[in-house]
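Let's take a friendly walk through a protein model, one feature at a time. Have the sequence and the 3D view open as you read.

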Amino acid sequence: MSKRRMFDIDFPSGEDETPVPAGTDAPEAKPARRGPMASAISENAEALRQRQQAEAAIQQENTALAEEYVRLKKQGLIVDALPLDQIRSEKLTRDRSASRDPELDELKESIRAIGLSNPIRVEQVEGGYELVQGFRRLSAFRELFEETGDAAYAKIPAGLLPKGEGLDALYRRMVDENLVRRDISFAEMAALAVNYAADPGTDCDSVEEAVARLYASAGRQKRAYIRHFAVLLGAVGERLKFPEAIPRALGLDLEKKLVSDSGQSARLRSRLAAAMATTAEAELEVLRGFLKEAAPKPSRERAGAAEKVKTTFRLSVPAGTVRCSATKGRLELRSERDYSSIDRARLEKALAAFLAALDE
């Protein structure tokens, strides 16, 4: 009879009793396995977090770019090529003579050779743009486009100024740019001051105030010259065809002669009308000839009165400058103000107070 063999069978317990070879680390515990839904939720949350971070970074960059754009635009440093037909020059009275600039051809040649080095400045308005600085440059581009038809001159580089800048600030931008130019004449600057004072949108009461506002960057002497030329233009300006050609010394001498005798203005206007000058030089010859003419001899009565003049002076008041001359039995006040527009009762009261103050 054969013998049965007996085998010991060891059943595994709840613990992993896998033998580990000597000198090795125990195996790491395997992470619990997540279901498909949990994995999808976790991945979506991570993607959303990354997207929010990217959007925040983009928003921050856009804000910085917008602030930089506004800063540059305030300085007129944002430049774009604008069609010529979208640019108007109606809002501001230009400080350039209406006659064609003889040096415009030189500017056109420069633009042909190297392009426009200094963009014009415009303000964006409804339906287009309003010119602030660069009247000569715009004129040169328009002539070049008319002459050549080249599309390169159909648009002009322009710095965009922010909307809503005050009229005074826009005038100052235009004026200050031209103050550094040597070819802007005293007559042109004076004409601008006269037109500025007459513009209802500027709230300016006199030419003196206009000169003070517009040419605040100019020296005191230069402002005085501009005021003298304004007086000259007021006396005979409508008869002058080439006022921008009048040299400073000639203009000052003419103004002095006209102020000394009110009748001289009419005589100069008659000379200019009779001459019908067609060139600047011809008109200057008329002005120089008039300056050399001796003033008509006054009658004995007027000569005696002139000899008795004791006091002449100028008085600056809020309404402008008043020229005063006092003689025996006569007091004369002259200014740009229209005294006939003042109510008679108010004028009488003011004069009575004035005379009473003299007797105190």
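## Starting with a helix

Keep in mind that what you're looking at is a predicted model. Our first stop is helix α5, where the buried residues are Phe186, Ala187, Glu188, Met189, Ala190, Leu192, Ala193, Tyr196 and Ala197. Here "buried" means under 20% relative accessible area.

Next up is an open sheet of 3 strands, in the order β6-β7-β8 and with antiparallel pairing. Which strands sit at the edges? They are β6 and β8 (330-334), and each of them pairs on one side only. Going from one strand to the next, the twist averages 20 degrees.

Zoom in on β6 and β7 and you'll find 7 bridges joining them in the antiparallel sense. To spot the pairing by eye, look for Thr311, which stands opposite Ala326 in β7. In general, strands of a sheet pair through backbone hydrogen bonds, either parallel or antiparallel.

## The second largest pocket

Two of those strands turn up again here. The second largest pocket holds about 730 Å³ of space. Its lining takes at least two residues from each of β6 (311-317), β7 (320-327), α6 (207-214), α7 (220-236) and α12 (344-358).

How many residues line this pocket? There are 31, and those nearest the centre are Val317, Val322, Ser335, Arg337 and Tyr339. Sorted by class, the lining has 17 nonpolar, 6 polar and 8 charged residues.

Now for the cavities. Searching the whole structure turns up 1 cavity of 30 Å³ or more, and the largest cavity has about 30 Å³ of space. Helices α9 (263-275) and α10 (280-292) are the elements that give two or more residues to its lining.

Which residues line the largest cavity? You can look for Arg239, Lys241, Leu272, Ala275, Ala277, Glu283 and Val286. This lining is made up of 4 nonpolar and 3 charged residues, with no polar ones.

Key
Residues are numbered from 1 along each chain as its sequence is written. This is a predicted model: local features need pLDDT of at least 70, side-chain atom pairs count only at pLDDT 80 or more; totals for chains, interfaces and linings use all residues. Side-chain values use heavy atoms; hydrogens and water are left out. On a 1 Å grid over the protein atoms alone, a cavity is a set of points where a 1.4 Å probe fits but cannot get out, and a pocket is an open set with protein on both sides within 12 Å along at least five of seven lines; lining residues have an atom within 4 Å of a point. Grid points are joined across faces, edges and corners, and a volume is the space filled by probe spheres set on the points. Helices (H or I, at least four residues) and strands (E, at least two) are DSSP runs, numbered from the N terminus. Ala, Val, Leu, Ile, Met, Phe, Trp, Tyr, Cys and Pro count as nonpolar, Asp, Glu, Lys and Arg as charged, and the others, Gly among them, as polar. Two strands pair if DSSP finds at least two bridges between them. Axes are lines fitted to C-alpha atoms, for helices over the stretch in contact, and angles run from 0 to 180 degrees between N-to-C directions. Buried means under 20% relative accessible area, exposed over 50%, partly exposed in between (1.4 Å probe, protein chains only).
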